[in-house]
Amino acid sequence: MTALQKHAEFFDRDKDGIITPSEMFEGYVAIGCDVEYARATAASVSAGVGAITSPVDAPLPHLSIYVEFIHKAMHGSDTGAYDAKGRFVPEKFEEIFTKHAKVGPDALTSMEIEEMILANRDPVDPQSWAAPEKEWGLIYKLASDNEGFLHKDSARGIYDGSVFYKLEEQRTSSRSDM
């Protein structure tokens, strides 16, 4: 699997290669999103990405996301840390920190993330501007530390989906501690 497929695969709760809207919802709740956010985001992502990743012979409506074809749904205005096939590009990932991590070399503040998002905006593709805002905003909210830093290992985990499993584990263990 490519890094992008691993990223998407977290949301494939039954591991059959197809992410249904309900699985997407379950995945968002599992990482700590509230029910309303999870419902709205699962619906919009499924509607936007499902048709792009669905094979021609897939049943209608094309709301399910096919992990095998997730690279077809890549958006502009991103960091370039995935190549066109969804493989991880380590140099581009490192560039995020060399260009934007000013307070500390291995972590990003919310302002540095905002600066990175603005620097990566494709001026001729304004439709691609919202996706990085939502994606990075969510991961910052869920994975930054108490001092407001999104650490490099958490950011790296976005690209292969490993941060999602950590967030789910943290949420599950904190609920069992109650």
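**Group meeting: a first look at this model**

Okay, let's start with the record: an unreviewed UniProt entry puts the annotation "domain: EF-hand" on residues 1–34, though annotations like that may be inferred rather than shown by experiment. What we have is a predicted model, where local features need pLDDT of at least 70, side-chain atom pairs count only at pLDDT 80 or more, and totals for chains, interfaces and linings use all residues. Residues are numbered from 1 along each chain as its sequence is written, and side-chain values use heavy atoms, with hydrogens and water left out.

Over residues 1–34, the chain is 50% helix and 6% strand, and the end C-alpha atoms sit 29 Å apart. Helices here are DSSP runs of H or I with at least four residues, strands are E runs of at least two.

Now, the aromatics. There are 11 aromatic pairs in the structure, meaning ring centres within 6.5 Å. One of them is Phe-10 with Phe-164: 5.4 Å centre to centre, 40 degrees between planes, so tilted (under 30 would be stacked, over 60 edge-to-face). Phe-10 is in the loop between H1 (3–9) and E1 (18–19), Phe-164 is in H8 (residues 162–176), so this pair ties together parts 154 residues apart in sequence.

Next, how do the axes of H4 and H5 cross? H4 (residues 90–100) and H5 (residues 110–120) have axes that come within 10 Å and cross at roughly 115 degrees, so they're roughly perpendicular (that's 65 to 115 degrees). On the H4 side, the contact (heavy atoms within 4.5 Å) uses Ile-96, Lys-99 and His-100; on H5, Glu-112, Glu-115, Met-116 and Ala-119. That's 3 nonpolar, 1 polar and 3 charged.

Methods. Axes are lines fitted to C-alpha atoms, for helices over the stretch in contact, and angles run from 0 to 180 degrees between N-to-C directions. Angles under 35 degrees count as roughly parallel, over 145 as roughly antiparallel, 65 to 115 as roughly perpendicular and the rest as oblique. Ala, Val, Leu, Ile, Met, Phe, Trp, Tyr, Cys and Pro count as nonpolar, Asp, Glu, Lys and Arg as charged, and the others, Gly among them, as polar. Rings of Phe, Tyr and Trp (its six-membered ring) pair if their centres lie within 6.5 Å; planes under 30 degrees apart count as stacked, over 60 as edge-to-face and the rest as tilted.
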